[in-house]
Amino acid sequence: MGTQAPDRGPGEHGKHKETGSGGSASGGVVAEDGRWTRDLWAAAFCALALLVLLHIVDLGAGTLDAPRSALWSGLAGLLFAVLYPPRVTVGHDWLAVRGLLRERRVHTHLLTRISRREGIAQRVVLRDATGRRVEIDPITLAANPLIWHEIDRGARRSRESGLLRTGTPVLDGLRSRMDDIETERARAVFEASGLR
């Protein structure tokens, strides 16, 4: 029990980062995906809509009974599990991606590899010196500049320490994309305020 977590003063309870070295495992959250709650509600709405629709069709056909209702509930639950959005949080020197059943976490200041997984659902794959890995949607990075900033900061530290040897082109591509997004956001703000 005594080695699990350091004592914290009243009112802290993990809201502030730890000042000790390595605070990657339990340091405070710096940023989290601002779209997660909206995406979670969207997943729940889709699952509920499917459940209601299947029940209405069965009810109209006069075939609704307990086993079919249980089947439709199971299908709706399966759809929710498939659509459940990963919750991305970042702190100083760590990034966590929590799915429906488990959380994966990497030390961003100990990154050894950054790669890109292509396909229908593109992902940026981060691997650290402890062998841990996470996958993150590039859209999440684009929508959350603070998350990107912490990953970029950790990657720079990893490269300076000689750990990060694979993934420089991926990192540079992400940097370029984030710079373009920031430029577009600044332009939109200027245009909205009439300052061209």
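Reader: Is Glu32 buried, partly exposed or exposed, and what's the relative accessible area?
Author: Glu32 is partly exposed, at a relative accessible area of 41%. Here buried means under 20% relative accessible area, exposed over 50%, and partly exposed in between (1.4 Å probe, protein chains only). Keep in mind that this is a predicted model, where local features need pLDDT of at least 70, side-chain atom pairs count only at pLDDT 80 or more, and totals for chains, interfaces and linings use all residues. Residues are numbered from 1 along each chain as its sequence is written, and side-chain values use heavy atoms, with hydrogens and water left out.

Reader: OK, which side chain does Glu32 meet in a salt bridge?
Author: Arg87, at 3.4 Å from N to O. A salt bridge is a side-chain nitrogen of Lys or Arg within 4 Å of a carboxyl oxygen of Asp or Glu. Glu32 lies in strand E1 (residues 29-32) and Arg87 in strand E2, so the pair ties together parts that are 55 residues apart in sequence. Helices (H or I, at least four residues) and strands (E, at least two) are DSSP runs, numbered from the N terminus.

Reader: And what ring does the charged end of Arg87 sit over?
Author: The ring of Trp36, 4.3 Å from its centre. The cut-off for a charge over a ring is NZ of Lys or CZ of Arg within 6 Å of the ring centre and within 35 degrees of the ring normal.

Reader: Nice. How many aromatic pairs turn up in the whole structure?
Author: The search finds 2. In one, the rings of Trp36 and Tyr84 have centres 6.3 Å apart and planes at 80°, so that pair is edge-to-face. Rings of Phe, Tyr and Trp (its six-membered ring) pair if their centres lie within 6.5 Å; planes under 30 degrees apart count as stacked, over 60 as edge-to-face and the rest as tilted.

Reader: Where are Trp36 and Tyr84 in the chain?
Author: Trp36 is in helix H1 (residues 36-61), while Tyr84 is in the loop between helix H2 (66-83) and strand E2 (87-91), 48 residues apart. Both Trp36 and Tyr84 are buried.

Reader: Why do Phe80 and Tyr84 count as edge-to-face?
Author: Their planes are at 75°, with the ring centres 5.8 Å apart, so they are edge-to-face. Ring pairs link Trp36, Phe80 and Tyr84 into a cluster.

Reader: Switching topic: which helix holds Arg175 and Asp172?
Author: Both lie in helix H5 (residues 168-192), 3 residues apart, about one turn of the helix. Arg175 is buried at 14%, whereas Asp172 is partly exposed at 38%.
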